[in-house]
Each structure stands twice: as structure tokens, then as C-alpha cells.
Amino acid sequence: MQKSSLPVLLPLSCLLFVPLAYSQDASNPQYKTASAWSEAPVSAGVNITTADVDLTDENVFAFGVFGDYYTGQNLSVGLSLDYWADEFNSSRAQRVDLENLIIGANAKFHFTNIMAGLKPYVLAGLAAHRFQVSTARRDPSADATDVLSEYDRDLQDVEGELGADFGAGLSYTIQPAMDLVGELKYRRVLDRTLDLDQMNYSLALAYMM
């Protein structure tokens with residue numbers, strides 16, 4: 001199998017071929033013993049994400065890296081780093097550029113013995129959000145007070161915010177030490193002035209180290 005050589009941006013296509021490939025290699029003792037996960041308790045990976053941000057009312061493209069430490073077969077703790085940027089119009093005269101750098105920490109509970117190579121999990125954690133905001137006037141004749149008032153005041157107040165993460169995922173073993181992971185995560189940003197909550201849909205490759 002050569003799936004480990006595929007680019008990160010093609011994990012979705014792997015889903016079409018994984019079940020067949022796995023059934024062909026099921027006789028391999030490495031899949032039956034599943035020793036890779038017990039002998040190497042640290043995994044790392046990369047992910048691509050589409051995030052539905054409530055404030056912008058549209059999807060943004062995000063990417064990130066993550067690492068997990070397995071304290072046992074069913075429990076892991078991990079860190080993640082994610083980034084996205086978006087541009088939207090707050091009015092016909094104003095453009096707002098918004099960037100979000102997210103550092104998260106979470107715990108995952110893994111459900112084992114469901115099916116060979118298949119491991120669903122649930123997660124919960126905290127995340128620190130670093131927002132970078134800039135505004136620009138599209139119409140030079142527009143009144144600066146009207147154009148830059150609401151978003152300047154509110155967004156400057158949320159340049160750094162704490163949030164809570166909740167979600168679930170499903171990983172599938174495509175090689176003895178490599179998993180393809182699909183995850184759904186809701187990120188609640190604890191801010192009262194703007195709705196910065198995010199729903200994330202991500203695909204990732206995780207490799208046991």
C-alpha cells in the first residue's frame with residue numbers, strides 16, 4: 001500500500017479505497033496484533049478543515065497540526081494548532097479582514113473493539129483564540145465614524161479569547177501506524193459581544209511515532 005505518499009489534500013479520496021485495501025491486507029499479522037498503537041503512545045498529524053463561523057455566516061478554509069499522547073487504549077490527551085483567515089463586508093462601504101490562530105488542549109475517549117481498524121472517539125477541551133482584525137473603507141466618501149464604529153469597537157475587544165471545544169471523530173487504520181481521521185468539532189468562543197462560535201469539519205492523517 002502506498003497511501004502514506006498521498007498529499008494531505010487528498011485524504012477524502014482514500015475513503016473510497018480503504019475498505020477494499022484493508023480487506024486484502026487483513027491477513028497481515030500486523031493488523032491482527034495492532035501492536036503499533038500500544039507500543040508507540042504518541043501520535044502526530046496534520047488536518048484540513050472547513051469552519052462555519054457564525055459571525056461571517058460563511059465557511060472558511062483552515063489548516064492545522066496536532067499531537068496526542070495515549071495514556072491507555074481508551075484515553076488520550078493532546079494539543080492542536082489551527083489557523084484560518086477570512087474577509088467579509090460589514091457594510092457596502094466597509095471590508096473586515098479577520099484571522100484566527102487557535103491553540104487548543106483536549107482529552108479524547110476512544111471506543112475500541114468496535115471493528116478492525118475502526119476507532120470512534122469523543123473529545124472535550126479548551127482553546128485560546130488569537131484574533132487579528134483590520135478594517136478598510138471601500139467608499140472613500142463614506143463617513144469614517146459610521147464605517148469603522150461597530151466592528152472596530154467589538155472586534156478589538158476579542159483579540160484574545162478563551163473557548164471550549166466539544167466534538168467527535170472517527171479514525172480508520174490505513175497502515176499499521178497511520179490513521180485517516182474525520183472529525184466534527186464545535187468551538188464555543190466565550191465572548192458576549194460577537195458571535196464567534198465555529199463548527200469545524202476536518203480530515204486528518206495521524207501517524208504513530
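Which residues does Asp195 touch, not counting residues up to four places away in sequence? Asp195 touches Asp54 and Leu55, where touching, or contact, means that heavy atoms lie within 4.5 Å.

## Basis of the model

This is a predicted model, in which local features need pLDDT of at least 70 and side-chain atom pairs count only at pLDDT 80 or more, while totals for chains, interfaces and linings use all residues. Residues are numbered from 1 along each chain as its sequence is written, and side-chain values use heavy atoms, with hydrogens and water left out.

## The chain as a whole

The protein chain contains six helices and eight strands, where helices (H or I, at least four residues) and strands (E, at least two) are DSSP runs numbered from the N terminus. Along the sequence these elements follow the pattern α-α-α-α-β-β-β-β-β-α-α-β-β-β.

Of the 209 residues in the protein chain, 42% are buried; a residue is called buried under 20% relative accessible area, exposed over 50%, and partly exposed in between (1.4 Å probe, protein chains only). The chain exposes about 11400 Å², and carbon and sulfur atoms supply 58% of that area, as computed by the Shrake-Rupley method with a 1.4 Å probe, in which, for residues, only the protein chains shown count as cover. Among the contacts with a separation of 6 or more, 62% are between residues 24 or more positions apart.

## The loop between β7 and β8

Asp195 lies in the loop between β7 and β8, and it is partly exposed, with a relative accessible area of 39%. Its C-alpha atom is separated by 9.0 Å from that of Thr56, although these two residues are 139 residues apart along the chain. A polar atom of the side chain of Asp195 lies 3.4 Å from the backbone nitrogen of Asp197; a polar contact is a pair of N or O atoms within 3.5 Å, and within protein one atom must be able to donate a hydrogen and the other to accept it, while residues adjacent in sequence count only if both atoms are side-chain atoms.

Asp197 is also found in this loop, which runs between β7 (178-189) and β8 (198-208), but Asp197 is buried, with a relative accessible area of 5%. A polar atom of its side chain lies 3.0 Å from the backbone nitrogen of Val189. When neighbours within four places in sequence are left aside, Asp197 is in contact with Asp52, Val53, Asp54, Tyr186, Arg187, Arg188 and Val189.

## Residues in the strands

Asn200 is placed in strand β8 and is buried, with a relative accessible area of 8%. Leaving aside neighbours within four places in sequence, its contacts are Thr49, Thr50, Ala51, Glu183, Leu184, Lys185 and Arg187.

Ala127 belongs to strand β5 and is buried, with a relative accessible area of 1%. Not counting residues up to four places away in sequence, Ala127 touches Ile102, Ile103, Gly104, Glu161, Leu162, Gly163, Asp165 and Arg187. Ala127 and Val189 are 62 residues apart in sequence, and their C-alpha atoms are 8.5 Å apart in space. In strand β4 lies Val96, which is buried, with a relative accessible area of 0%; the C-alpha atoms of Val96 and Thr135, 39 residues apart along the chain, are separated by 4.5 Å.

## An exposed residue between strands

Asn113 sits in the loop between β4 and β5 and is exposed, with a relative accessible area of 78%. Although Asn113 is not a glycine, it has a positive phi of about 60°.

## The cavity

The structure holds one cavity of 30 Å³ or more, and the largest cavity has a volume of about 360 Å³. On a 1 Å grid over the protein atoms alone, a cavity is a set of points where a 1.4 Å probe fits but cannot get out, and lining residues have an atom within 4 Å of a point. Grid points are joined across faces, edges and corners, and a volume is the space filled by probe spheres set on the points.

The largest cavity is lined by 33 residues, of which Asn47, Phe66, Lys108, Tyr121 and Glu183 are the closest to its centre. The elements that give two or more residues to this lining are β1 (42-53), β2 (58-70), β3 (75-91), β4 (94-110), β5 (118-137), β7 and β8, and β3 gives the most, with six residues. The lining divides into 14 nonpolar, 11 polar and eight charged residues, where Ala, Val, Leu, Ile, Met, Phe, Trp, Tyr, Cys and Pro count as nonpolar, Asp, Glu, Lys and Arg as charged, and the others, Gly among them, as polar.

Terms used:
1 Å grid on protein atoms, 1.4 Å probe; cavity = no way out; pocket = protein on both sides within 12 Å on 5 of 7 lines; lining within 4 Å.
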